[in-house]
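Subject: Model with two ligands

Dear colleague,

Here is the model for your files. My notes follow below it.

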Amino acid sequence: MVRTSICGAGVNPSPSAGRLSPLLFRNQAHCPSPRPLQVTRMELWPGLWTLLLLLALLLPTLWFCSPSAKYFFKMAFYNGWILFLAVLAIPVCAVRGRNVENMKILRLMLLHIKYLYGIRVEVRGAHHFPPSQPYVVVSNHQSSLDLLGMMEVLPGRCVPIAKRELLWAGSAGLACWLAGVIFIDRKRTGDAISVMSEVAQTLITQDVRVWVFPEGTRNHNGSMLPFKRGAFHLAVQAQVPIVPIVMSSYQDFYCKKERRFTSGRCQVRVLPPVPTEGLTPDDVPALADTVRHSMLTVFREISTDGRGGGDYLKKPGGVGEAQL
Ligand SMILES: CCCCCCCC/C=C\CCCCCCCC(=O)SCCNC(=O)CCNC(=O)[C@H](O)C(C)(C)COP(=O)(O)OP(=O)(O)OC[C@H]1O[C@@H](n2cnc3c(N)ncnc32)[C@H](O)[C@@H]1OP(=O)(O)O
Ligand SMILES: CCCCCCCCCCCCCCCC(=O)OC[C@@H](O)COP(=O)(O)O
């Protein structure tokens, strides 16, 4: 076990012991009373090794026996891995400075994550993306795992709009900033609106696309929250089309409430663009409702419980109960 040198009450105060371990017994002659325990660095190793061994046994046991622990490990690794990748991405992106082209680098670096988690992402309707013009993408927002589906289809020169808090997520915040992510303060509607009005100009002048989660927050309940209007005002102001994208429900492989995270499938469906030419701000509420309605219809169509189409939709409280 851990051996200590106790001055004055030596474990083995023989002269030979003194020679073997001068560090332990130095000043022994002048030491009037017992001194506090002194643990040398070498003597800590056995304790550390025991601790590591215990962890090495405990972690796999938890992983295999407790789905909740598995959920936490997987989420912790997800965030940790992204933070780590961001550290690698920052110097590469910094060469260009804050630039939408850096989003390509982030995208390439994030694409493999779905394999680590055994999530099969199937993309449908990618031909609906207008080939070379600005537009506004609107998509449903279930969890931070949306990043996987998003990276699968993210068009060139497309920047997401994110909550301001993400800017402070360490290396990930800095990487997002370098890639041109637009940050808004959701608590200050006025400021957010003026940022989005500026974006409406930039969209045209700098030929960029914008990705918005119009629910405005993550939504785990297997439906879609009412849409915020900003994305639709943005598209109408810039007179550019809206491209709705629907990611199917994650319920068959991921549920935050039940702390369940297994492997699974997800479909990302790109819907036909919705033109906004000639529309005015007065048309925004109807536009937002129409787009949400079509997205919710597709969400119901493509979301399954993993046991083959539609069982999940019939469950009480499932997407079938979603309000239109
Ligand atoms: C290699 C490794 C690298 C690692 C790094 C990681 C890589 C990652 C890469 C990239 C990832 C990026 C990750 C992104 C993910 C983040 C997701 C999020 O953060 S989601 C949260 C933020 N998103 C939003 O909040 C949506 C946008 N929000 C809106 O559009 C809202 O409308 C907003 C904020 C502008 C206002 O919100 P209100 O809560 O006040 O709600 P309202 O009802 O919509 O608006 C109030 C009134 O203002 C009008 N209004 C809104 N916008 C307007 C406008 N532009 N002009 C005029 N009026 C407007 C509306 O019409 C409404 O008025 P009337 O009630 O209709 O009379
Ligand atoms: C300083 C260390 C901080 C550690 C934080 C770890 C962050 C890891 C980076 C993960 C990047 C994932 C990007 C997806 C962001 C996301 O999905 O944000 C959620 C918001 O849309 C909605 O927020 P909310 O209103 O809270 O649901």
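Which helices each supply at least two residues of the shell around ligand 2? They are helix 4 and helix 8; helices (H or I, at least four residues) and strands (E, at least two) are DSSP runs, numbered from the N terminus. Helix 4 gives the largest share of that shell, three residues.

Some conventions before the rest. This is a predicted model, in which local features need pLDDT of at least 70 and side-chain atom pairs count only at pLDDT 80 or more, while totals for chains, interfaces and linings use all residues. Residues are numbered from 1 along each chain as its sequence is written, chains are lettered from A and ligands numbered from 1 in the order in which they are written, and side-chain values use heavy atoms, with hydrogens and water left out.

Ligand 2

There are 13 residues around ligand 2, and His141, Lys163, Arg186, Thr217 and Arg218 come nearest; a residue is near a molecule or strand if one of its heavy atoms lies within 4 Å of it. By class the shell has five nonpolar, five polar and three charged residues (Ala, Val, Leu, Ile, Met, Phe, Trp, Tyr, Cys and Pro count as nonpolar, Asp, Glu, Lys and Arg as charged, the others, Gly among them, as polar). Oxygen atoms of ligand 2 lie 2.6 Å from a side-chain N or O atom of histidine 141, 3.0 Å from a polar side-chain atom of lysine 163 and 2.6 Å from one of threonine 217. Taken alone, ligand 2 exposes 730 Å², of which the protein buries 68% (Shrake-Rupley method, 1.4 Å probe).

Ligand 1

Around ligand 1 there are 30 residues, with Lys163, Lys228, Arg229, Gly230 and His233 coming nearest. This shell divides into 20 nonpolar, six polar and four charged residues. An oxygen atom of ligand 1 is 2.9 Å from a polar side-chain atom of lysine 228, and one is 2.9 Å from a polar backbone atom of glycine 230. The side chain of threonine 189 has an N or O atom 3.0 Å from a ligand 1 oxygen. Alone, ligand 1 exposes 1,400 Å², and the protein buries 79% of that. Elements giving two or more residues to its shell include helix 5 (102-110), helix 7 (146-153) and strand 3 (158-163).

Helix 5 and helix 7

The axes of these two helices come within 9 Å and cross at roughly 120° (lines fitted to C-alpha atoms over the stretch in contact, with angles from 0 to 180 degrees between N-to-C directions). Helix 5 and helix 7 are therefore oblique to each other: under 35 degrees counts as roughly parallel, over 145 as roughly antiparallel, 65 to 115 as roughly perpendicular and the rest as oblique.

Regards

Technical notes: Polar contact = N/O pair within 3.5 Å; in protein donor to acceptor, adjacent residues only side chain to side chain.
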